[in-house]
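Start with the pairings, then turn to the loops.

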Amino acid sequence: MTDHYDAIVVGTGFAGAFFLLRYLEHASPKARVLVLERGRNDCKVWQLRNRRTSSLNTEEFFINNNPEKEWLMSLGFGGSSNTWWGGVARMMPGDFLLQTRYGVGTDWPLRYEDLETYYGDAETIMAVSGPADSPMPRSRPFPLRPHRFSDTDALLKKTFPDGWFHPATTRASAPTGTRGICCGAGICELCPHDANFSISNGLRRLHDDPRVTLQLQATVEEVETSGDLARGVSYTSDGKLQRATADLVVLAASALFNPHILLRSGITHELLGKRLHEQMPVDVCLNLRGVKGYNGSTIISGNGYLFYEGEHRRQHAACLIETWNSPFNYRRAALRAERGRWTERAFFRFMFDDLPRADNRVTVNAANPHLPEVTFNGYSDYAQRGVNRIPAMIDTLAKALPIEDVESIEVARSTSHIQGTVVMGNDPATSVVDRYLMHHRIRNLLVLGSSAYPTASPAYPTLTLSALSLWAADHLFTRSA
């Protein structure tokens, strides 16, 4: 006999867990929820002993047609919360209105104001550290005090008080009860203090709720549909194909796996799987005169908004800048060779928004339909025009910093922010899901996470996708009422 549930949630990362949190707050005491996770529960002790975040090799689970472009994630309970670095900047109001304000890209089907309360809720849940000032409107302060600037950040803040800020991050600046204080060592994915928020140290209780059945090592094959309704899912566990039915099906598996599941289910759309994107990252290393770097209190010690919002977005991409605070974190030539001047160097990452291309996509691999096939042909010309402005941006930073010379400028291989492929919008002809992440045709099928993003903001996607999951769950019950 097939088990029936009120809801089936596919995935235990940010999107699935934040939805589950708000869903359980609304649901009746008799509700039944099945949560399916393809990976194992590799606890923190296991991760530290084995020096890796997952017992699964992610690259074995999809085909990458362009290995030079990395798609970084972690499979297992908690998803990429096990490997992320805790950046939780909100999107800026203009990110939602690119077409209306600047005549480029497409508008999102919701506004910053729609999500502002949900942003605050997500920040409270994650116990986010952040500054008293902010580049975007806020209705409440951050839960934790900001981290300490590096000397480089302090100079930038002094010169650009409205353009440089302490980072919003879940790397704790004070003990939270479940997390220690960030030590700034730059090994966030294997933090010995467990200072960074994860599903395991922040929302594990959800999966212990008696209404929830968590099944690990369960790979969803298809969403089963009948007419315009999702009836349930088929999934493989212990080598056997199994089925479960539900009143609601929620896909929260990532921007690579969400479209793959839908395509294998025969749920088609002209844009499904297309517009895969993430920010275009460029690493910039500057040699300084008499100013020491790497002395902030966390791995990313500052965020620059000097080149973010503004009329320049009509012509080229916006940019968010990160100050990297550890010389030992996978950075080539992080230290200088001159005796006594080893840390007179600044590492920045410039992250540019991108206008998604339809030829960057996820499809079903023909030889092995169980694997998604990822094709990435490059960033947009719009993003590249932003990158071309880096020399002028460095000249601006030189108003605050004693820059001797530019050591290097190079495009990084990934920001680990996989987005697009199941885009949201108001028009079913030009989007797969609506503003509440509900499939336009199958009205009991939610597709959560950054797969819904119509464009790539320079900001980190995690806070926004978590807020969207809370927003979607609230709307689900408001609609039902």
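This is a predicted model. Across the structure there are 33 salt bridges.

Begin with Arg243 and Glu224. Their side chains form a salt bridge, with 2.7 Å from N to O. The pair links distant parts of the chain. Arg243 sits in strand β8, which covers residues 240–251. Glu224 belongs to strand β6, residues 218–226. How accessible is Arg243? Its relative accessible area is 40%. Arg243 is therefore partly exposed, since that value lies between the 20% and 50% cut-offs.

Next, find Glu309 and Arg313. Here too the side chains meet in a salt bridge, at 2.7 Å from N to O. Look at each partner in turn. Glu309 has a relative accessible area of 23% and is partly exposed. Arg313 has a value of 0% and is buried.

Now move to Arg336 and Glu338. Their salt bridge spans 2.8 Å, N to O. Is Arg336 buried or exposed? Arg336 is buried, because its relative accessible area of 5% is under 20%. Glu338, at 35% relative accessibility, counts as partly exposed.

This pair does not stand alone. Arg336 and Glu338 are linked in a network of salt bridges with Arg289, Lys292, Arg341, Glu344 and Glu404. Trace the network in the model from the Arg336 and Glu338 pair.

Leave the charges and turn to the backbone. Most residues other than glycine have a negative phi. Which residues depart from that pattern here?

Arg275 is one of them. Its phi is positive, about 65°, although Arg275 is not a glycine. To find Arg275, go to the loop between α7 (257–264) and β9 (280–288). Arg275 is partly exposed, with a relative accessible area of 26%.

Thr421 is another case. Its phi is also positive, at about 90°, and Thr421 is not a glycine either. Thr421 lies in the loop that runs between β15 (403–411) and β16 (445–447). What is its relative accessible area? The value is 0%, so Thr421 is buried.

Arg275 is partly exposed, whereas Thr421 is buried. Each has a positive phi, about 65° for Arg275 and about 90° for Thr421.

Definitions and conventions
Residues are numbered from 1 along each chain as its sequence is written. This is a predicted model: local features need pLDDT of at least 70, side-chain atom pairs count only at pLDDT 80 or more; totals for chains, interfaces and linings use all residues. Side-chain values use heavy atoms; hydrogens and water are left out. A salt bridge is a side-chain nitrogen of Lys or Arg within 4 Å of a carboxyl oxygen of Asp or Glu. Helices (H or I, at least four residues) and strands (E, at least two) are DSSP runs, numbered from the N terminus. Buried means under 20% relative accessible area, exposed over 50%, partly exposed in between (1.4 Å probe, protein chains only).
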